[in-house]
Amino acid sequence: MNGTHQALIADFVFDGKSVRRGAAVVMEGPRIAGVLPASELPNSISTRRLPDGTWLAPGFIDVQVNGGGDVLFNDEPTVDGIRTIAAAHRRFGTTSLLPTLISDTPEKTNAALSAVSALIGKDPSILGIHLEGPYLSPEKPGVHSLQYIREPTSDDEQVLLRATSGVKVLTLAPERVPKGFIGRLANAGVRISLGHSLATYGEAKAAMSEGLTGFTHLFNAMRPLASREPGPIAAAIESPTAWFGMIVDGVHVDPAMLRLALRGEAGAMVVTDAMPPVGGKSASFRLYGQEIKCEGGRCARSDGALAGSSLDMAGAVRNCVRLLGVPLESALRFASEHPARFLGVGHWLGRLAPGCRADIVAIDPETIEVFGVWIAGHDHLAENEP
Ligand SMILES: [Zn+2]
């Protein structure tokens with residue numbers, strides 16, 4: 001080790017698997033060189049000791065972010081729009097994310113794909129894109145405009161297959177796409193996630209056998225669990241190879257339902273489904289021309305339909321501990337290691353291990369507030385980024 005190394009020392013280091021006491025995370029440029037007992041650090045290395053009680057953990061990865069910093073991705077599918085959204089979420093521990101476009105026109109989708117492509121490899125916070133829709137069930141639209149919900153064309157498929165926008169997640173209703181569509185996209189590396197769907201259990205299982213691996217905001221906007229038609233929720237929960245997103249804000253889903261899901265075999269991921277007010281100044285915004293107000297943690301249209309959330313990732317982790325009663329280590333895994341594995345980037349993100357990118361958060365374990373954020377070894381909060 002030499003002058004290019006720097007080390008963060010904390011009372012607790014959660015590396016993604018286990019908690020190590022009195023450990024140091026050694027960074028070499030943008031990567032993690034190793035995690036070792038603080039007592040074994042060579043004298044030559046530059047070190048920073050975090051306050052007593054601090055936890056260091058892998059940076060948070062949010063696979064569903066509609067907006068932040070007063071920007072809605074659908075309204076600003078541009079490089080600047082994405083940068084504003086990522087900066088707004090960073091202070092809450094989000095070190096990488098997928099800007100998420102909800103159902104819109106093909107032109108808007110193309111603009112979003114191009115803007116994300118332009119940032120891949122340039123802004124480490126941007127891993128790729130999540131297209132939520134438009135191949136959804138018109139019977140489970142949530143706030144998606146029925147005007148845009150439709151079935152895919154062969155042109156759409158070519159656009160998705162050719163796009164170079166990093167990791168791609170596509171939320172769709174399996175019953176609304178032709179046979180083979182899911183398999184072709186999944187084979188090309190697109191992560192297919194069921195959402196806004198009336199799929200039956202059988203339809204969900206068939207989609208999984210074609211390559212569907214995700215479930216978008218499990219429980220919300222999908223066929224509910226029922227005695228003789230278990231639907232996609234049962235298909236997800238019983239599968240050890242499935243991943244499900246959960247919005248843990250105490251508003252979208254009753255905590256008892258989420259605790260039930262956590263007793264199953266599938267991997268849980270916390271997502272924010274965040275809207276412009278996160279990290280922004282205004283508590284309201286416009287979606288498809290209609291006003292959405294965010295009050296008391298609930299973002300809703302005037303008719304009461306939920307429109308995303310005002311949750312941030314630190315808040316989501318905190319709610320996992322306080323509302324769901326899970327240990328902090330598990331909550332941190334739901335926010336880092338699990339989304340990394342769902343996205344197929346678990347070999348270099350979501351853990352504090354040699355060779356992984358140095359995406360790290362410093363947390364107060366009592367308040368679960370984030371007060372330090374490193375992305376690719378870069379100390380972001382020290383630079384007072386907007
Ligand atoms: Zn949704």
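Mentor: Before we start, one term: a residue is called buried when its relative accessible area is under 20%, exposed when that value is over 50%, and partly exposed in between. Please also keep in mind that this is a predicted model.

Trainee: Okay, let me try that out: why does Ile 368 count as buried or exposed?

Mentor: Ile 368 counts as buried because its relative accessibility is 4%, and the cut-off for that word is under 20%. Ile 368 sits in the loop between strand 19 (360-364) and strand 20 (369-375), and although Ile 368 is not a glycine, its phi is positive, at about 50 degrees.

Trainee: And what about Phe 219, where is that found?

Mentor: Phe 219 is found in the loop between strand 13 and helix 6, and it has a positive phi of about 85 degrees although it is not a glycine. With a relative accessibility of 14%, Phe 219 counts as buried.

Trainee: Switching to the metal: which residues coordinate the zinc ion?

Mentor: The zinc ion is held by Glu 132 through OE, and by His 196 and His 217 through NE2, at 1.9 to 2.2 Å. Along the chain, these donors follow the spacing E-x63-H-x20-H. Glu 132 belongs to strand 10 (residues 128-132), while His 217 belongs to the loop between strand 13 (214-215) and helix 6 (231-237), so that pair links distant parts of the chain, 85 residues apart.

Trainee: Are Glu 132 and His 217 buried or exposed?

Mentor: Glu 132 is buried, and His 217 is buried as well.

Trainee: What joins Gly 133 and Pro 134?

Mentor: A cis peptide bond joins Gly 133 and Pro 134, with omega at about 5 degrees, and Pro 134 lies in the loop between strand 10 and helix 3 (154-162).

Trainee: How many bridges join strand 13 to strand 14?

Mentor: Strand 13 and strand 14 run parallel and are joined by 2 bridges, with Gly 214 standing opposite Trp 243 in strand 14. From strand 14 (residues 243-246), Trp 243 and Gly 245 point one way while Phe 244 and Met 246 point the other way, and all are buried.

Trainee: There's also an open sheet of 3 strands; what is its order?

Mentor: The order is 16-17-18, with antiparallel pairing. Strand 16 (284-287) and strand 18 (298-301) are at the edges with a single partner strand each, so one side of each has no neighbour in the sheet. From one strand to the next, the twist averages 30 degrees. Strand 17 (residues 290-295) pairs with strand 18 in the antiparallel sense over 4 bridges, and Glu 295 has Arg 298 in strand 18 as its bridge partner.

Trainee: Last topic, charges. How many salt bridges does the count come to?

Mentor: The count comes to 14 salt bridges, including one in which the side chains of Glu 151 and Arg 176 meet at 3.2 Å, N to O. That pair links distant parts of the chain, with Glu 151 in the loop between strand 10 and helix 3 and Arg 176 in the loop between strand 11 and helix 4 (181-187), 25 residues apart. Glu 151 is partly exposed at 46% relative accessible area, whereas Arg 176 is buried at 19%.

Trainee: Which residues are linked in a network of salt bridges?

Mentor: Lys 17, Arg 333, Glu 337 and Arg 341 are linked in that way. The side chains of Glu 337 and Arg 341 meet at 3.4 Å, N to O, and both residues lie in helix 10 (residues 337-342), 4 residues apart, which is about one turn of the helix. Glu 337 is buried, with a relative accessible area of 5%, whereas Arg 341 is partly exposed, at 43%.

How values were computed
Residues numbered from 1 in each chain as written. Predicted model: local features only at pLDDT ≥ 70, side-chain atom pairs only at ≥ 80, totals over all residues. Heavy atoms only, no water. Donors = N, O, S within 2.8 Å, 3.2 Å for Na, K, Ca; no water. Buried < 20%, exposed > 50% of the residue type's maximum accessible area, 1.4 Å probe, protein only. Pairing = 2+ DSSP bridges. Axes fitted to C-alpha atoms, helices over the stretch in contact; angles between N-to-C directions. Salt bridge = Lys/Arg side-chain N within 4 Å of Asp/Glu carboxyl O.
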